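Trainee: Could you walk me through this model with a few questions and answers?

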Amino acid sequence: MDKHYALECLINFTNKNLGYTPSTPSEFNDASWQIQKKTGRSISLSSIKRIWGYVTYESFPSITILNTLAHFNGFKNWDTFLLSHNGVDFDDSGFIDESVVNADKLNPGDRILLQWGKGKSCEIEYLSNLRFRVNQSKNIKLLAGDTFTLNILCLRHPIFISDIDRADQHIPAYIGARKGGISSITLIPA
């Protein structure tokens, strides 16, 4: 996530939690007070005015200020905020404009190498009718030979699969790459 876009998202989220968008000196003062009351940490009135664009300022806020705003909005810190939202705005829904692979556009035998997290990966092969087989897996709960249903893959988003068949066992669903989304999707045509 671009840090300037992330800051804009954090400000919008803060506005929602404040119940208004600060735009006057008294509202900025109130925002500062609410943030300190909830977090036990203060952000100066001048910093708040700069962050909200009331005063022209070209620099990026300090990590201390970012951590305080993230904490105000229910996150442990700025990094947790970034991981939790992974480029997705705070609405309950929206369009995805990142790289997308639609399963219904694949040909039988097409393979996809997926990577995420620290050393997690799998190679899946398209069978037909939105069904895939795991050919290889590394550091994840899916095993080679598992077959499952998958509709779509989106870069920087989790993977959601259903109807997993493993030998004589049926598993309803699986989610992977929750914390940072899929970092790499490599299509290997049949």
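**Strands, cores and cysteines**

Trainee: Which strand does aspartate 163 lie in?
Mentor: Keep in mind that this is a predicted model, where local features need pLDDT of at least 70, side-chain atom pairs count only at pLDDT 80 or more, and totals for chains, interfaces and linings use all residues. Residues are numbered from 1 along each chain as its sequence is written, and side-chain values use heavy atoms, with hydrogens and water left out. Strands (E, at least two residues) and helices (H or I, at least four) are DSSP runs numbered from the N terminus. On that basis, aspartate 163 belongs to strand E7.

Trainee: Is aspartate 163 buried, partly exposed or exposed?
Mentor: Its phi is near 50°, a positive value in a residue other than glycine. Buried means under 20% relative accessible area, exposed over 50%, and partly exposed in between (1.4 Å probe, protein chains only). Aspartate 163 has a relative accessible area of 37%, so this residue is partly exposed.

Trainee: And what is the relative accessible area of alanine 167?
Mentor: Alanine 167 sits in the loop between E7 and E8. Its phi is positive, at about 55°, although it is not a glycine. The residue counts as exposed, because its relative accessible area is 83%.

Trainee: How many residues are in the largest nonpolar core?
Mentor: A nonpolar core is a set of buried Ala, Val, Leu, Ile, Met, Phe, Trp, Tyr and Cys residues joined through side-chain atoms within 4.5 Å. Leu114, Ile124, Phe132, Leu153 and Ile159 have the most contacts inside the largest one. Strands E2 (111-116), E3 (120-128), E4 (131-138), E7 (159-166) and E8 (169-176) each give two or more residues to this core. The size of the largest core is 23 residues.

Trainee: What is the relative accessibility of phenylalanine 148?
Mentor: Phenylalanine 148 is placed in strand E5 (residues 147-149). Not counting residues up to four places away in sequence, its contacts (heavy atoms within 4.5 Å) include Ile124, Phe132, Val134 and Ile161. Phenylalanine 148 counts as buried, because its relative accessibility is 0%.

Trainee: At roughly what angle do the axes of helices H2 and H4 cross?
Mentor: Axes are lines fitted to C-alpha atoms, for helices over the stretch in contact, and angles run from 0 to 180 degrees between N-to-C directions. The axes of H2 (residues 25-39) and H4 (residues 63-72) come within 9 Å. Angles of 65 to 115 degrees count as roughly perpendicular (under 35 is roughly parallel, over 145 roughly antiparallel, the rest oblique). H2 and H4 are roughly perpendicular, with a crossing angle of roughly 75°.

Trainee: Which residues of H4 are buried?
Mentor: In its contact with H2, helix H4 uses Thr68, Leu69, His71 and Phe72, facing Gln34, Ile35, Lys38 and Thr39 of H2. Just after H4, glycine 74 takes a positive phi of about 95°. The buried residues of H4 are Ile65, Leu66, Thr68, Leu69, Ala70 and Phe72.

Trainee: How many disulfides are there by the distance rule?
Mentor: A disulfide is a pair of cysteine sulfur atoms within 2.5 Å. The sulfur of cysteine 154 is 15 Å from the closest cysteine sulfur, in cysteine 122, which is too far for a bond. Cysteine 122 is buried at 1% relative accessibility, and cysteine 154 is buried at 8%. By this rule, the number of disulfides is zero.
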